[in-house]
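I opened a new page for this one. I want to work from the whole chain down to one residue, then look at how the copies relate.

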There are 2 protein chains.
Amino acid sequence: MKTKVMITAALAIAMGAGVTFAGSHADPAIQGAIKARQGQMQLYAHNLGILGAMAKGEVAYDAAAASAAANNLKAVANLDAMTLWPQGSDMDSVEGTRAKAEIWTTFPAVVENATAMATAANAMADAAGKDLASLQAAMGPVGGACGSCHKAFRGK
Amino acid sequence: MKTKVMITAALAIAMGAGVTFAGSHADPAIQGAIKARQGQMQLYAHNLGILGAMAKGEVAYDAAAASAAANNLKAVANLDAMTLWPQGSDMDSVEGTRAKAEIWTTFPAVVENATAMATAANAMADAAGKDLASLQAAMGPVGGACGSCHKAFRGK
């Protein structure tokens, strides 16, 4: 599967060899990568919030709005994450992140989590515009992927 | 063009009628939208930083890395922005944003800026993996789109 291969390759390089773009060991580059991946998480949260409100019946189901949010989720979940997780950007090494050092040592579990998120987001993008029941059915795997990764790899 | 139509429709709805998902007038929803669009900007900045470093010769050109960054840029530039700019999320109304109120009143200039960014990012995605000269040629329109929108619509 293309998504899986891309993410696997990206994380393998990022985790195994460090990231090679300019200044990756300097604070600004590390901080930039942290901000960028936190930005990715904010975009997840925002779009999932829209889908979740519909799934829970807090907001009326709107096929177009659901589809837009789900397509955003899919796009964000399929970003190439290689440069977002440089060596030395864990919570033991720098301020401003809750990323556990285990991210860089727990292989391939962390990649499996990223793949699960992309797979769940892709399924949500296929489902969300169909009807409310399809959207609701697709929420479980998305929430599961978020939670699984956070439980294992996000600190307090 | 699909991108243009989508962005136009999204911003027209967001700017004209307010956003209709749960609690859009409550602070948490406004703050969530602000964080999400700032996340989008961080992802722009991060991926443009990688491309810019290659364009300026600070980092050796790497077709795969350039292509990955450019594809990220394209994905982020083509997100549906409808829910990221709710009414009342301007810098005169809330803390934590530099978004000028003119965003919600200057129509269609703000949409033209968003369209220019998506168009430039799409062109970068086509160019970045070819060779350094193609990447460099694609930088101008991307930087121009960033700067044009910031100049008009971002406060100090």
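How many helices and strands make up the secondary structure of chain A? I counted 5 helices and 0 strands. The model is a predicted one, so I read it as such. Along the sequence, chain A runs α-α-α-α-α.

**Entry: chain A as a whole.** I looked up burial next. Of the 156 residues in chain A, 47% are buried. I then took the accessible surface of chain A, which is about 7,100 Å². Carbon and sulfur atoms account for 59% of that surface. I also checked contact range. I kept contacts in chain A between residues at least 6 apart in sequence; 75% of these join residues at least 24 apart.

**Entry: A:T97.** I picked a loop residue. Where is A:T97 found? I located A:T97 in the loop between α3 (63-77) and α4 (109-127) of chain A. Is A:T97 buried or exposed? Its relative accessibility is 12%, and the cut-off for buried is under 20%. A:T97 therefore counts as buried.

I went through its partners. The side chain of A:T97 makes a polar contact of 3.0 Å with the side chain of A:R37. The A:T97 side chain also reaches the backbone nitrogen of A:A99, at 3.1 Å. Then I listed what A:T97 touches, leaving out residues up to four places away in sequence. The list holds A:I34, A:R37, A:Q38, A:S89, A:D90 and A:M91.

**Entry: helix α2 of chain B.** I moved to the other copy. Helix α2 of chain B covers residues 27-55, which is 29 residues. From first C-alpha to last, the helix reaches 41 Å. At 1.5 Å a residue, 42 Å is expected, and the value is close to that. I checked what follows the helix. Just after α2(B), B:G57 takes a positive phi of about 80 degrees.

**Entry: how the copies relate.** What rotation superposes chain A on chain B? I found 180 degrees, with 0.0 Å of shift along the axis and an RMSD of 0.0 Å. That is the relation of a two-fold axis. The same surface serves both copies, since 100% of the contact residues of chain A recur in chain B. Which residue of chain A comes closest to the rotation axis? I noted A:G39, with its C-alpha at 1.7 Å.

Key
Residues numbered from 1 in each chain as written. Chains lettered and ligands numbered in written order. Predicted model: local features only at pLDDT ≥ 70, side-chain atom pairs only at ≥ 80, totals over all residues. Heavy atoms only, no water. Least-squares fit on C-alpha atoms with pLDDT ≥ 70 in both. Contact = heavy atoms within 4.5 Å. Helix = DSSP H or I, 4+ residues; strand = E, 2+ residues; numbered from the N terminus. Buried < 20%, exposed > 50% of the residue type's maximum accessible area, 1.4 Å probe, protein only. Areas by Shrake-Rupley, 256 points an atom, 1.4 Å probe, with all protein chains shown as cover. Polar contact = N/O pair within 3.5 Å; in protein donor to acceptor, adjacent residues only side chain to side chain. Expected span 1.5 Å × (residues − 1).
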